[in-house]
Amino acid sequence: MVESQHMGNDRSGDVLRNSSITNSNNRGVTIHGTSNLLIEGVVLHDIHGHGFFFEDAVETGNELVSNIAFGIHKVEGSADPFVVDTHDTARQADSRFKSSAAFWITNPTNTFVGNISAGASGTGFWYAIPRTALG
């Protein structure tokens, strides 16, 4: 069982499975500083901002299997009321707000199998691979 904490570190053996998140005002599932987590059978609907969001490009070994993200809405810049934290407005706001992605992927050393994106007002699968960790 995944416990609630901001940065998960190594989550070997932990699973987020068969859950749904709807009408979220700022992202669906954020994977931040977390490795080796299995996310399977999760449905995201009516999400503002990114759906499944890999935050800093240091997240590795995670598996996303048979998830679906639909109804992903673009956040309209840093003045949008759905932006809820200063992290977004302080740093990578310009690139993060150009569009929204059902799956925002920053590190290719994660596994994606059988995931579906539908009805995103931006991109289904956005590979934003930086040269260094975003921090």
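What you have is a predicted model, where local features need pLDDT of at least 70, side-chain atom pairs count only at pLDDT 80 or more, and totals for chains, interfaces and linings use all residues. Residues are numbered from 1 along each chain as its sequence is written, and side-chain values use heavy atoms, with hydrogens and water left out.

Start with the overall picture. The protein chain has two helices and 14 strands; these are DSSP runs numbered from the N terminus, with helices being H or I of at least four residues and strands E of at least two. Of its 135 residues, 44% are buried, meaning under 20% relative accessible area with a 1.4 Å probe, counting protein chains only, while exposed is over 50% and partly exposed is in between.

Now look at strand E10, residues 68–73. On one side, E10 pairs in the parallel sense with strand E7 (residues 43–48) over five bridges; two strands pair if DSSP finds at least two bridges between them. One of these links puts His48 with His73 as its bridge partner. E10 also runs parallel to strand E13 (residues 116–120), joined by four bridges, and there Ala69 stands opposite Ser117.

That brings us to His73, which lies in E10. Beyond neighbours within four places in sequence, His73 is in contact (heavy atoms within 4.5 Å) with Asp46, Ile47, His48, Gly49, Ser100 and Ser121. A polar atom of its side chain also lies 3.4 Å from the backbone oxygen of Gly71.

Key: Polar contact = N/O pair within 3.5 Å; in protein donor to acceptor, adjacent residues only side chain to side chain.
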